[in-house]
Amino acid sequence: MNTATLTRYDIDVEDVEYLRHGDKPLLARIYKPRGTGPFPLIIDLHGGAWCNKDRASDAGTDEPLAKSGVVVVSLDFRMPPDAGYPASLQDVNYAIRWCKSRAKELKTRPDLVGILGVSSGGHQAMLSAMRPHDPRYGALPLPGK
């Protein structure tokens with residue numbers, strides 16, 4: 001008989017600036033399991049009808065996911081009325097590349113980076129996954145790349 005063993009991790013949580021537009025920083029809340037990894041990493045895109053909520057909105061999902069051994073990077077991104085389409089997807093595309101470029105620091109590998117979204121965040125996750133090389137979404141270069 002096979003029985004699964006559920007490993008629970010203590011986690012560290014920190015807010016990090018991953019991108020800046022002018023004088024406006026965009027933050028990522030990073031939930032990181034303690035341990036050596038490499039752990040899978042999920043980028044979480046909050047819902048909110050494309051124009052509400054923030055990186056803390058999905059804490060009820062993000063924290064348990066991290067405690068199960070997944071690094072979670074929950075994003076703030078530009079939204080209307082401050083910025084319309086495709087600004088949020090530019091920020092998301094940037095964040096994906098940002099996470100992959102910092103994989104070792106985040107206790108993951110570039111090939112273990114995934115994305116999830118809730119409600120309108122799910123729509124943005126789907127668009128990002130379907131068109132990772134869309135020049136409209138990849139318009140923000142990573143420094144040094």
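## Fold

From the N terminus on, the elements run β-β-β-α-β-α-β-α. That gives 3 helices and 5 strands in the protein. Helices (H or I, at least four residues) and strands (E, at least two) are DSSP runs, numbered from the N terminus. The model is predicted: local features need pLDDT of at least 70, side-chain atom pairs count only at pLDDT 80 or more, and totals for chains, interfaces and linings use all residues. Residues are numbered from 1 along each chain as its sequence is written, and side-chain values use heavy atoms, leaving out hydrogens and water.

## Overall size

Along its principal axes, the C-alpha trace of the protein spans about 55 × 35 × 30 Å. Of the 145 residues, 43% count as buried (under 20% relative accessible area with a 1.4 Å probe, protein chains only; exposed is over 50%, partly exposed in between).

Contact means heavy atoms within 4.5 Å. Among contacts between residues at least 6 apart in sequence, 71% join residues at least 24 apart.

## Helix H3

Helix H3 covers residues 120–130. Its buried residues are Ser 120, Gly 121, Gln 124, Ala 125, Leu 127 and Ser 128. Seen down the axis of H3, they fall within an arc of 165°, so they line one face of the helix. The arc is that of the directions from the helix axis to the C-beta atoms. An α-helix has 3.6 residues a turn, so residues three or four places apart point the same way.

The buried residues of H3 pack against strand S3 (41–45), helix H2 (87–101) and strand S5 (113–117). On the other side of H3, Ala 129 and Met 130 are exposed.
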